[in-house]
Amino acid sequence: MTKFAPSERALRCATLRAPMFTNIENQGLYRAIPPGFLKERAKQLGLDHFPDLEILREKIAAFQDDLRILEIGVGEGRALEWLQQNFRSASIVGLEACEKQIENLPTELTSNANTQILNQDILDFEPAAPIHVALLLWSAFYEFNPEEKAELLSRVYRMLVPGGFLVIDLPREFFAEALSDKGEFQVHVYGGQQIFHHLISDEELDRLAKRLGFGSVEKRGYQTLGSVKQERALFILTKA
Ligand SMILES: C[S@@+](CC[C@H](N)C(=O)[O-])C[C@H]1O[C@@H](n2cnc3c(N)ncnc32)[C@H](O)[C@@H]1O
């Protein structure tokens, strides 16, 4: 397993900046990375084999008719492509806060008649119809500060049908070029760009989700099998 030493710059950022950040500040990284960066990272980690989505396949398929899926943070379309191929008749709304990521999406994904891609922030989004499955994959929940995390969960809770669920995917370890080691609030560097993380413990996530109304939180651990192997976990938050 590769270990990365924190760079001087990242450590300086971590100590000099107030630990609080906003999710919008983190958009800087997504605007700056070149097209294909996420695809390459996904390949390195083995996320291009969709271990996260394969775990969810049966649970998603249990909603038989009129399935509506919300993907929060489409990025370069890794998960969206899997969803379009495996749930052909589902209506999919893909939200992406970073306009540049949307511009770089392949037309095969954007021209799919069942998919709507919106350049919108989840923290401002109201769906036209209730959602069965909401997905926040590949670590993005860490990129919201504690208040934003609560706002995100209560907003998604309101969107879901009873029995619907939100999936949050989080790494148990990081493969950054550099990272500060500052506990709950961290600065990471990917592609030469810094991004802020607020790490939430499993217990805190469980407590927060239940306080905001979710009936159950199920945790499913897995390991990615790319050239970099990473321990990760899916948290499935179900509305009773
Ligand atoms: C690591 S990528 C994940 C891409 C994709 N979900 C996947 O699994 O391959 C995270 C994406 O979430 C987007 N994002 C971050 N905060 C967001 C927000 N508040 N609303 C919508 N999208 C957001 C980022 O711009 C980025 O493209």
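**View 1. Leu 179 faces His 188 across two strands.** Leu 179 stands opposite His 188, a residue of β7. Strands are DSSP runs of E with at least two residues, numbered from the N terminus. This is a predicted model: local features need pLDDT of at least 70, side-chain atom pairs count only at pLDDT 80 or more, and totals for chains, interfaces and linings use all residues. Residues are numbered from 1 along each chain as its sequence is written, and side-chain values use heavy atoms, with hydrogens and water left out.

**View 2. Three strands form an open sheet.** The order is β6-β7-β8, and the pairing is antiparallel. Strands pair if DSSP finds at least two bridges between them. β6 and β7 (residues 185-190) share two bridges. β6 (178-179) and β8 (193-198) are the edge strands, each pairing on one side only.

View 3. The side chain of Glu 96 puts an N or O atom 2.5 Å from a ligand oxygen. In the side chain of Asp 121, an N or O atom is 2.9 Å from a ligand nitrogen. Ala 97 uses a backbone N or O atom, 3.2 Å from a nitrogen of the ligand.

**View 4. A shell of 18 residues surrounds the ligand.** The closest are Glu 71, Gly 73, Arg 78, Glu 96 and Asp 121. Eight shell residues are nonpolar, six polar and four charged. Here Asp, Glu, Lys and Arg count as charged; Ala, Val, Leu, Ile, Met, Phe, Trp, Tyr, Cys and Pro as nonpolar; the others, Gly among them, as polar.

Key: Near = heavy atom within 4 Å. Polar contact = N/O pair within 3.5 Å; in protein donor to acceptor, adjacent residues only side chain to side chain. Helix = DSSP H or I, 4+ residues; strand = E, 2+ residues; numbered from the N terminus.
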